[in-house]
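Have the structure open as you read.

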Number of protein chains: 2
Amino acid sequence: MNPLYGGVEAGGTKFTCAIGKSSGEILAYEEIPTTSPSETLGKVTEFFKSNQPVVSLGVGAFGPVDLDSGSNTYGYITKTPKQGWSNVDIKGPLTQSLAIPIELETDVGCAGLGEYFFGVAKGINNILYLTIGTGIGGASLLNGRVQHGAAHPEMGHIFIPHDLKTDPFPGSCPFHGDCFEGLASGPAIEQRAGQRAEQVIDPVRWDLEANYIALGITNLIVTLSPKIVVMGGGLIKHGGLIKEVQSLAQKLINGYMALPTITIASDRNAVRGAIRLAAQGS
Amino acid sequence: MNPLYGGVEAGGTKFTCAIGKSSGEILAYEEIPTTSPSETLGKVTEFFKSNQPVVSLGVGAFGPVDLDSGSNTYGYITKTPKQGWSNVDIKGPLTQSLAIPIELETDVGCAGLGEYFFGVAKGINNILYLTIGTGIGGASLLNGRVQHGAAHPEMGHIFIPHDLKTDPFPGSCPFHGDCFEGLASGPAIEQRAGQRAEQVIDPVRWDLEANYIALGITNLIVTLSPKIVVMGGGLIKHGGLIKEVQSLAQKLINGYMALPTITIASDRNAVRGAIRLAAQGS
């Protein structure tokens, strides 16, 4: 009999919970809005207690998240711009309430695993996964393993040229102002436009967004030399945006190296990646 | 008896040749000025023919260099800004003239190996090696292996904020204008100042240089999360520059993650890395 595993994609907007097999098959699924830590983690616990039992749980968390098992704050979300979630223990409460092993990874790391095992990047030995949403984050996967170093990467916080002439906006990042995330995340678009990103229709704003994403992606490509770039988050699905990003990145690289495929992730693969993480163990 | 290996650090200014043991001990050493490919490679061949025989040769080449053994231009320097060296076969002529196995890596890859096996980064499992000289290039080493992807990384070509107010210089990179290399390499300093970089004494120019290096290094740190950054090239030895870079990078990261140690490479370790590469084989 195939054992069942749990996966949680812990995002700034919602926590996606699923139960499934290591093959990627999903048997139960629920989206929980991200409110306070205690309420949100309480509902995650409820979901897993009220469904078929799982042998372990994989959690892909927004961050920064402490993945160092030797650290005092192992399993904590540390200094996040997300209000109410700084210095919050994720692993502890879930381990206590569910009494099963919990494997922790970054949200983008899990999403990258999902694309490596089940998605467009299946079996590709050098993958960049990049999400653009409430925050911007990336994961580099080498031979199906998410790379960490001193900590996990924080690729959304690279500094890119800021087009101050057409865009005097100071940037939305509480730590860095106009870093990549500060210029191109959902909140940056919303703070500039005074409306929700999906309601913004002015093409000038989307050209600006495409330009910043192209700059960010070009920097990550020349640094990591991935064979494929898989992009997650809602924003990149805006009509024509990914095509414009591809075209601008091509111009920026200017023939110096080949531009890898840049493509869009499948939403369900992130939580599948979390399930796969649970199945693999640490 | 310990076999002897050859190492070549093929740079834009000079080719450093050495014969040594896998332990890092160097028995013969010569620096050859980089002139035309045929003259330079001819002198490299002479060096190895007129010294004790080596069983194999490791070459760390400036680039971009084609490291894909399945490619038609495997072992070639491809599109380099260095005049006369575009589309030049490095591996072929040396293999023919010396008739020994030749292992090829990027210059920064070899220098990183040297620091991992013999230098300040000895045994550290996540290293960023970054050189600032005629060009800017970096290598990421995970567990003592230089990382490649679709090609090798070209970290010098990231785009960073260009301080156009105090620095209207358009940048020196023939491919990207004001990318990191275009703003902070030796040629960029020289084109701005109209004198050789080592003769530039105006502190304003060095503050600008420190600022660009700090931006570049911060981008690479948040992308790769290395445990140590080892810096090569002559420029970084300019009085006080590395201290200013450390301090500016600290300010840029602004407590979001811990800044790793940033330190200066030892010159001899680059060619030691090439010798070690030869000893390891491919």
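What follows looks at helix packing and then at loop residues in a predicted model.

Two packed helices are described by the angle between their axes and the distance between the axes. In chain A, helix H5 (residues 186–193) and helix H6 (residues 203–224) have axes that come within 12 Å and cross at roughly 150°. Angles over 145 degrees count as roughly antiparallel, so that is how H5(A) and H6(A) run relative to each other. The crossing of H5(A) past H6(A) is right-handed.

Which residues make this contact? From H5(A) come A:Ile189, A:Arg192 and A:Ala193, and they meet A:Arg205, A:Trp206, A:Leu208, A:Glu209 and A:Tyr212 in H6(A). By class, the contact has 5 nonpolar and 3 charged residues, with no polar ones.

## Helix H6 against helix H7

H6(A) also packs with helix H7 (residues 241–253) of chain A, at an angle of about 50° and with the axes 8 Å apart. That angle makes H6(A) oblique to H7(A). Here, too, the crossing is right-handed.

On the H6(A) side, the contact residues include A:Trp206, A:Ala210, A:Ile213, A:Ala214, A:Ile217 and A:Ile221. Among their counterparts in H7(A) are A:Leu241, A:Val245, A:Leu248 and A:Leu252. Sorted by class, this contact of H6(A) with H7(A) has 13 nonpolar, 2 polar and 3 charged residues.

## Loop residues with positive phi

Most residues other than glycine have a negative phi. Now look at the loop between H6 and strand E11 (228–232) of chain A, where A:Ser225 is placed. Phi of A:Ser225 is near 50°, a positive value. Is A:Ser225 buried or exposed? With a relative accessible area of 1%, A:Ser225 is buried.

A:Asn254 is in the loop between H7 and strand E12 (261–264) of chain A. A:Asn254 is not a glycine, yet has a positive phi of about 55°. Its relative accessible area is 40%, so A:Asn254 is partly exposed.

## A buried serine: A:Ser56

A:Ser56 belongs to the loop between helix H1 (37–49) and strand E4 (57–61) of chain A. Its relative accessibility is 7%, so A:Ser56 counts as buried.

Terms used. Residues numbered from 1 in each chain as written. Chains lettered and ligands numbered in written order. Predicted model: local features only at pLDDT ≥ 70, side-chain atom pairs only at ≥ 80, totals over all residues. Heavy atoms only, no water. Axes fitted to C-alpha atoms, helices over the stretch in contact; angles between N-to-C directions. Helix = DSSP H or I, 4+ residues; strand = E, 2+ residues; numbered from the N terminus. Parallel < 35°, antiparallel > 145°, perpendicular 65-115°, else oblique. Left-handed = near helix turned anticlockwise from the far one by under 90°. Contact = heavy atoms within 4.5 Å. Nonpolar A, V, L, I, M, F, W, Y, C, P; charged D, E, K, R; others polar. Buried < 20%, exposed > 50% of the residue type's maximum accessible area, 1.4 Å probe, protein only.
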